[in-house]
Amino acid sequence: MKILAIDTTGVAASAAVVSDGKLLAEEVLNYKLTHSQTIMPLVDDVLKKTETDLKTVDYIACSEGPGSFTGLRIGAATAKGLALGLNKKIITVPTLDVLAYNIFGTENIICPIMDARRAQVYSAFYCWEGDQLKRLSDYMAVSIDVIVEKALEFNKKVIFLGDGVAVNRAKLEGNESFFMAPASLMIQKASSLAVAAEVKALKGEAINGSDFEVMYLRKSQAEREREEKLAAEEDKK
């Protein structure tokens, strides 16, 4: 099974090729350029360096969100275009699951947190049961204080990762049961996405490109501002 995986849900863009559980190549770029500028060159690079013909790829894997609204749309459009053009199926994986897959072989709780701005984070809690990743909570868009409170309820060590760590480090440091992942594991990566996608593929969970729907968890800033404006106008009546 050969999977081409792409992720543009956060600050970094990445692409990877995985074949029968073996990582053949991965490119990650976390520097200045927009995802619309970087993702296709990254895809092209991993394909060329592994001498992979797109026609030999079995599935296109893409993170489905939550994440940057613009990044989500770029990733979804890229994955759909490739899948429809090649007549291939797509495997979507929630971005928080992708992050959790960065950590393996631990008995601790895993808590990815993504900066959602407006004093909120996207998050969920996970643990490993043998070689199976288990989600312990709903996907959430809440304040970091809520996440800290929920993390303490486990009465276990908790590993935090994701771009929300840097933003909320002051709320996480100082607790002896909280640990921060190293920089190499802090961001979502296409290789972790591919591993998670392979698990879903074996369960028959691939979908048609036209059925790909992004997971936002909350409304966009433009939608929220519009609703706030309408509410303010209604209050004046």
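This is a predicted model: local features need pLDDT of at least 70, side-chain atom pairs count only at pLDDT 80 or more; totals for chains, interfaces and linings use all residues.
**Entry 1**

I looked up the second largest pocket, and its volume comes to about 330 Å³. I found 18 residues in its lining, and Tyr101, Leu133, Ala196, Val199 and Lys203 are the ones that lie nearest its centre. I then noted which elements give two or more residues to this lining, and they are strand 8 (126-129), strand 9 (132-135) and helix 7 (190-202). When I sorted the lining by class, I had 10 nonpolar, 1 polar and 7 charged residues.

**Entry 2: the aromatic rings**

I searched the whole structure for aromatic pairs and have 5 of them in my list. Is Phe69 buried or exposed? I wrote down that Phe69 counts as buried because its relative accessibility is 17%, under the 20% cut-off, whereas Tyr216, at 28%, is partly exposed.

Phe125 sits in the loop between strand 7 (120-123) and strand 8, and Phe154 in the loop between helix 4 (144-153) and strand 11 (158-161), so the pair ties together parts 29 residues apart in sequence. Phe125 is buried at 1% relative accessibility, while Phe154 is partly exposed at 27%.

I also noted that Tyr101, Phe104 and Trp128 form one aromatic cluster, and that the charged end of Arg135 sits over the ring of Tyr139, 4.0 Å from the centre of that ring.

**Entry 3: the salt bridges**

My count of salt bridges came to 7. Among them is the bridge between Asp45 and Lys49, with the closest N and O atoms 3.2 Å apart; both residues lie in helix 1 (residues 35-49), 4 residues apart, or about one turn of the helix. Asp45 is partly exposed at 25% relative accessibility, but Lys49 is exposed at 59%.

I then looked at Lys171 and Asp145, whose side chains meet in a salt bridge of 3.0 Å, N to O. Here the partners come from distant parts of the chain, Lys171 from helix 5 (residues 164-172) and Asp145 from helix 4, 26 residues apart. Finally, I recorded that salt bridges with shared partners join Glu27, Asp45 and Lys49 into one network.

Note on methods. Residues are numbered from 1 along each chain as its sequence is written. Side-chain values use heavy atoms; hydrogens and water are left out. On a 1 Å grid over the protein atoms alone, a cavity is a set of points where a 1.4 Å probe fits but cannot get out, and a pocket is an open set with protein on both sides within 12 Å along at least five of seven lines; lining residues have an atom within 4 Å of a point. Grid points are joined across faces, edges and corners, and a volume is the space filled by probe spheres set on the points. Ala, Val, Leu, Ile, Met, Phe, Trp, Tyr, Cys and Pro count as nonpolar, Asp, Glu, Lys and Arg as charged, and the others, Gly among them, as polar. Rings of Phe, Tyr and Trp (its six-membered ring) pair if their centres lie within 6.5 Å; planes under 30 degrees apart count as stacked, over 60 as edge-to-face and the rest as tilted. Buried means under 20% relative accessible area, exposed over 50%, partly exposed in between (1.4 Å probe, protein chains only). A charge sits over a ring if NZ of Lys or CZ of Arg is within 6 Å of the ring centre and within 35 degrees of the ring normal. A salt bridge is a side-chain nitrogen of Lys or Arg within 4 Å of a carboxyl oxygen of Asp or Glu.
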